[in-house]
Amino acid sequence: MAGPPSGHVPYPIFVCPYDGVVHDQKRELWHGLPETPAKLHCPVCGGAMEFEPKEPPHRIFFCYHCGTTYDRERRAWFGLAYYRAP
């Protein structure tokens, strides 16, 4: 993932040139990662993600195996920064 394009960017944002996934390092948020509409699987370990609330619409998805979390309303992923390639 490429870093900030210029020196006037106030905080590092990394962008994947192939699929447009963005990582905001200051806020530890990921944007543009794909989601599966019917059932969400963890992008780190591949396990099925649990969801809250238990009745639709489900807003928060989390993985008990590795702690990765997806907030559907904000369309943001949490806990993926530790798995980012250097």
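Here is a short walk through the model, one selection at a time.

Before you click anything, note that this is a predicted model, where local features need pLDDT of at least 70 and side-chain atom pairs count only at pLDDT 80 or more, while totals for chains, interfaces and linings use all residues. Residues are numbered from 1 along each chain as its sequence is written, and side-chain values use heavy atoms, with hydrogens and water left out.

Start by colouring the protein chain by pLDDT (the predictor's confidence in each residue, from 0 to 100). The average is 75, and 71% of the residues score at least 70.

Next, pick out the strands (E, DSSP runs of at least two residues, numbered from the N terminus). Confidence is lowest in strand E1, residues 13–15, with a mean of 78, and highest in strand E5, residues 60–62, at 90.

Now select Tyr64, in the loop between E5 and strand E6 (69–71). Tyr64 has a relative accessible area of 64%, so it counts as exposed (over 50%; buried is under 20%, partly exposed in between, with a 1.4 Å probe and protein chains only).

Then go for the cysteines. How many disulfides does a search of the whole structure find? The count is 0, a disulfide being a pair of cysteine sulfur atoms within 2.5 Å.

- Select Cys45: the closest cysteine sulfur is in Cys63, 3.5 Å away, too far for a bond. Cys45 is partly exposed, at 39%.
- Select Cys66: its closest cysteine sulfur belongs to Cys42, 3.5 Å away, again too far for a bond. Cys66 is partly exposed, at 23%.

Definitions and conventions:
Helices (H or I, at least four residues) and strands (E, at least two) are DSSP runs, numbered from the N terminus.
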